[in-house]
Amino acid sequence: MNVKEMNIYLDSLPSCDSLNERKGKTMSAEFGTRNEKGEWRPPYACRYAPIFEWPWKPLKVLKWLFGWPGYLWPYHLIYGILALVTWLYLIPSAEVCKVLSPDWILLMLVRNLAMIWIVYGGYHLALYQLKLHGSNRKYHPKWQEKGSKKFLFKNQVFDNVFHTTVFGGFFWTLWEVAYLWCAANGWIPSLVWESNPVWFVAFFLLIPLWRELHFYLIHRLIHWKPLMIAVHSVHHRNPNPGPWSGLSMHPVEAFLYFSVVAINFVLPSHPVHFFFNSICTGLSPANGHHGFEGPLFEGKFITGSYFHYLHHRYVSCNFGEATLPLDKWFGRYYDGQGPYTTKGFQGNQDPSE
Ligand SMILES: [Zn+2]
Ligand SMILES: [Zn+2]
């Protein structure tokens, strides 16, 4: 729901003090409700993008595709620009990449760690250190945990920073190095604009959908009980996620998560397609895990994912994301309104209890 839709929706609700504060285009007030446990919930359900809604509404789809915020901007545009800049200025030449050598591999790692620290660290600094948004629209009533033995160093933030930096940074870079090495040696199919401009553009539009499908599949796989215990439990240490929880994964999960870029080894693509895919995968979890309902800061900063927060909170719903309605099709969708009711779930696990 964008800011405009939100205001129309809120205008349609019965008047109350918190809603009146929300009107007048200010997004700073808490317009949702907190339950007896102090958990914040918005007054609307989290919804899927209209592209797979039936009956199909072309105008709504076009608005979703080209509107602000929408499918293309701001985030996919930002990741696309970062991919272009990376390809133009921040990777070694094909000649250098033909041979694996620590010199350029380390530079790639440093570049990815810098992006991780700027983006994940930036969210953490703003929302959890400086607390610039207070606890307004923070889903979970508590801040990050300290003193619990379930976390490395008995500290949730340190644990998450460690896993995101070490395993997230490592496997992100590993897949990028493998791609540049294979591409430089001509072992994988390539694509230039002149050869097929339609596929060149279409591939950019399809990559985010492929990312959702891939994420859904590997996510369901690692929720298989033995893998959940051995692997995915590291990520689920965080029923109250923060930005650094985004890539806080067991190394097996981090490897699988970044394997989404394998599609660029198989289908003809340009390095900018590859880096678009890779940078979306590396950076978007910060946006999806910071634990606040967006847009933040007077409605100017489009960010947040109630959909994925609900997965951390309840574990057995919302395995995918909010464009492809895979959870709806497979009976695991919970929209965040009313009691937890999704069908076929493994049990109403409540990790915070
Ligand atoms: Zn998560
Ligand atoms: Zn999960």
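**Starting from one serine**

A: Ser 278 is found in helix α12. This is a predicted model.

Q: Is Ser 278 buried or exposed?
A: Ser 278 counts as buried, because it has 26 C-beta neighbours inside 10 Å and the cut-off for buried is 20 or more.

Q: What does Ser 278 touch?
A: Leaving out residues up to four places away in sequence, Ser 278 touches Trp 172, Trp 175, Glu 176 and Val 261. Its C-alpha atom is also 9.9 Å from that of Arg 211, a residue 67 places away along the chain.

Q: OK, zoom out. How many helices and strands are there?
A: The chain has 14 helices and two strands. Of its 353 residues, 34% are buried.

Q: And how many of the contacts join residues at least 24 apart?
A: Among contacts between residues at least 6 apart in sequence, 63% do.

Q: Which residues touch the most others in the largest nonpolar core?
A: That core has 41 residues, and Ala 254, Phe 258, Phe 276 and Ile 279 touch the most other members. Helices α4, α6, α7, α8, α10 and α12 each supply at least two of its residues. The largest share, nine residues, comes from α7.

Q: Why would nonpolar side chains be buried together?
A: In soluble globular proteins they tend to be.

Q: Back to Ala 254. What does Ala 254 touch?
A: Not counting residues up to four places away in sequence, Ala 254 touches Phe 167, Gly 168, Phe 171, Leu 247 and Met 249. There is also a second, separate core of twelve residues, which includes Leu 310, Cys 317, Tyr 333 and Tyr 334.

Q: How do α7 and α10 cross?
A: Their axes come within 9 Å and cross at roughly 40 degrees. That makes α7 oblique to α10. The crossing is right-handed.

Q: Which residues meet there?
A: From α7 they are Phe 167, Gly 168, Phe 171, Trp 172 and Trp 175, and from α10 they are Pro 251, Ala 254, Phe 255 and Phe 258.

Q: What about α6 and α7, at what angle do they pack?
A: The angle is about 135 degrees, with the axes 9 Å apart. α6 and α7 are therefore oblique to each other, and their crossing is right-handed. Residues of α6 in the contact include Ile 105, Met 108 and Leu 109, while those of α7 include Thr 164, Thr 165 and Gly 168.

Q: Changing topic: where are the cis peptide bonds?
A: One joins Trp 54 and Pro 55, with omega about 0 degrees, and Pro 55 lies in the loop between β2 and α3. Another joins Gly 294 and Pro 295, with omega about -5 degrees. Pro 295 lies in the loop between α12 and α13.

Q: What is the phi of Phe 297?
A: Phe 297 has a positive phi of about 50 degrees although it is not a glycine. Phe 297 is in the loop between α12 and α13. Lys 131 has a positive phi of about 50 degrees too, again without being a glycine, and is in the loop between α6 and α7.

Notes:
Residues numbered from 1 in each chain as written. Chains lettered and ligands numbered in written order. Predicted model: local features only at pLDDT ≥ 70, side-chain atom pairs only at ≥ 80, totals over all residues. Core = buried A, V, L, I, M, F, W, Y, C linked by C-beta atoms within 7 Å. Helix = DSSP H or I, 4+ residues; strand = E, 2+ residues; numbered from the N terminus. Contact = placed C-beta atoms within 7 Å. Axes fitted to C-alpha atoms, helices over the stretch in contact; angles between N-to-C directions. Parallel < 35°, antiparallel > 145°, perpendicular 65-115°, else oblique. Left-handed = near helix turned anticlockwise from the far one by under 90°.
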